[in-house]
Each structure stands twice: as C-alpha cells, then as structure tokens.
Amino acid sequence: MERLQKVIASSGYCSRRKAEELIGKGLVTVNGETVREMGVRVGPKDEILVEGNAISKEAKEYYLLYKPRGVVTTVSDDKHRKTVVDLIPTTARIYPVGRLDYDTTGVLILTNDGTLANGLMHPKNRIDKCYVAKVNGVPDAKGLKLLQRGIVVDRMKVRASRVKMKKVDKKNNTCMIYLTIHDGRNHQVKKMLECIGSEVLKLKRESVSFLTLDGLNSGEYRRLNPKEIHKLYHEIGINQK
Ligand code: URA
C-alpha cells in the first residue's frame, strides 16, 4: 500500500505537490469515494480517478533531450509554441525535470517517473548542473569569487560550486563562463551573472550529474539506459524499485 499522492505522482499525472492540491480540492476519488485527507493509502486494486481521469500504472520512460533554442520547457503552452514534449514522440505522460529558458539550450531530462523527477529537482540532493554562458563584459576575479561565495537572487542566497572563465575575447568584450550550480531557481544563472555585471548572451546546460550531450545534436533525444537510471536513483539516495 502506498500513499495516494505518491501513486498519483508516480503515474506521471502530475507532481506530488499538485496531487496534494487536487486531493485538497476534492478532485480525487478512490473506488468512487472523494478523498480529501492526506495520507490515505491505496493498493493496486483500488480505482483512482483524478479530475475524472483514471490513473494507471504507466510504464516508466526516461529521455535525455538536447533542448534547442526557441522551445518552451513545459508540457503544453497557451501561446501554442513548440514544447520540449513535442520533440519526443511518445504517448506516455512525460514532463521535463526542471526548466530551461526559451533561449537556453542543452541537457534536459524528461520522464513520467515522479519519484526520480522530484529527487533530481530537490536542492538537498545537490545534483550538479553545469552551464556555459557567453557573457557581455569580462568579470574580474572579485566578481567570479562572489559567484562562489554566494549572491542573493530573489531574496535567496545562491552560489555556484565551481566557476571558471575561459575564452576571453578582448576585441568583442565577451567571455565564456563555466559554472556549476545545485539548485534551479528561475533564470538563476542569468540573474547570478547579472549581479556581477555580466549580461548573458547565450546559455547552454552542458550536463546534469553525469549526463552530457555526447552523441546528440540540438533537438535530438535518446532514452536513458537502465544503468543510467539506476545511477540517477543512487544520486538521489533512493533505492530503485
Ligand atoms: N539559469 C538560467 O538563467 N536559465 C536557464 O535556462 C537555466 C538556468
């Protein structure tokens, strides 16, 4: 028997938090009865409906996408723009793990495995996310140090665990900055660099944990293999079921 919100999240229907919200709103039934309390446990024979939709134990799917520019990191877009989910032909209800901006490229994991998705997104698991940014201006050593020491972004102190500057182009007054962060606040890298006076011209996520873009061109994807999935579970400190 498992907690209702966990079963809903691991079906890929929505996140656990969203499932709790839907339960609270009385939009979930178990065997025809509306459930409003948290913590109800359900088994494989229970019939669960969320907003009228039957929850099935969908097979788990895991993808690594080389997100191109000009694609939104959502499941659907009210402005009818292309989404990252449109790039992967599957009937499974996959969704992106975290968010990359419309103009950011690079590594994006998509899955319908809520447990893994939540674990990878939770800052306590300190999953490395490595970015390379082309910036306007060349920051000094003090600015780079500040990125590692910590900068307040949206009233939260955030920092990079590694920072390196490469390819200084004195003529055009630009450079490339490599930085690794563990959390994933909205526009975090751009805001951090903005704080030290560097405007981001281009941003690419080169890796998430051990997953890189090797073998993929922009817009291409591949399935993760069982070893990689197992390793990601290990990274979030959960034994894969
Ligand atoms: N930080 C940003 O500023 N943008 C992204 O897309 C990802 C991280």
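Two strands are taken to pair if DSSP finds at least two bridges between them, and the strands themselves, like the helices, are DSSP runs numbered from the N terminus, with at least two residues (E) for a strand and at least four (H or I) for a helix. The structure described here is a predicted model, in which local features need pLDDT of at least 70 and side-chain atom pairs count only at pLDDT 80 or more, whereas totals for chains, interfaces and linings use all residues. Residues are numbered from 1 along each chain as its sequence is written, and side-chain values use heavy atoms, with hydrogens and water left out.

The domain assignment of the protein gives domain 1 (2-54), domain 2 (62-123 + 210-235) and domain 3 (128-208), with bounds that come from an automatic or database domain assignment. The centres of domain 1 and domain 3, taken over C-alpha atoms, are separated by 41 Å.

Strands of a sheet pair through backbone hydrogen bonds, either parallel or antiparallel. An open sheet of four strands, in the order β3-β2-β5-β6, shows antiparallel pairing. Because β3 (33-34) and β6 (53-54) stand at the edges of this sheet and each has a single partner strand, one side of each is left without a neighbour there. Strand β2 (residues 28-30) is joined to strand β5 (residues 48-50) by three bridges in the antiparallel sense, and T29 has L49 of β5 as its bridge partner. The loop between β2 and β3 contains N31, which has a positive phi of about 50 degrees although it is not a glycine.

Strand β10 (residues 129-136), in contrast, is mostly covered, since six of its eight residues are buried. Strand β10 pairs in the antiparallel sense with strand β14 (residues 174-181) over eight bridges, where V132 has Y178 of β14 as its bridge partner. Eight bridges in the antiparallel sense also link β10 to strand β15 (residues 199-208), and C130 stands opposite S207 in that strand.

The ligand is surrounded by L100, D101, T104, Y131, H187, Q188, V189, K190 and L203, each of which has a heavy atom within 4 Å of the ligand. By class, this shell has four nonpolar, three polar and two charged residues. At least three residues of the shell come from each of domain 2 and domain 3, and helix α5 (residues 188-195) gives the most, with three residues. Polar contacts are pairs of N or O atoms within 3.5 Å. An oxygen atom of the ligand is 2.7 Å from a polar backbone atom of D101, while a backbone N or O atom of K190 lies 3.0 Å from an oxygen atom of the ligand, and for a polar backbone atom of Q188 the distance to a ligand oxygen atom is 3.4 Å. Taken alone, the ligand exposes 230 Å², of which the protein buries 96%, with accessible areas from the Shrake-Rupley method and a 1.4 Å probe.

Key
A polar contact is a pair of N or O atoms within 3.5 Å; within protein, one must be able to donate a hydrogen and the other to accept it, and residues adjacent in sequence count only if both atoms are side-chain atoms. Ala, Val, Leu, Ile, Met, Phe, Trp, Tyr, Cys and Pro count as nonpolar, Asp, Glu, Lys and Arg as charged, and the others, Gly among them, as polar. Buried means under 20% relative accessible area, exposed over 50%, partly exposed in between (1.4 Å probe, protein chains only).
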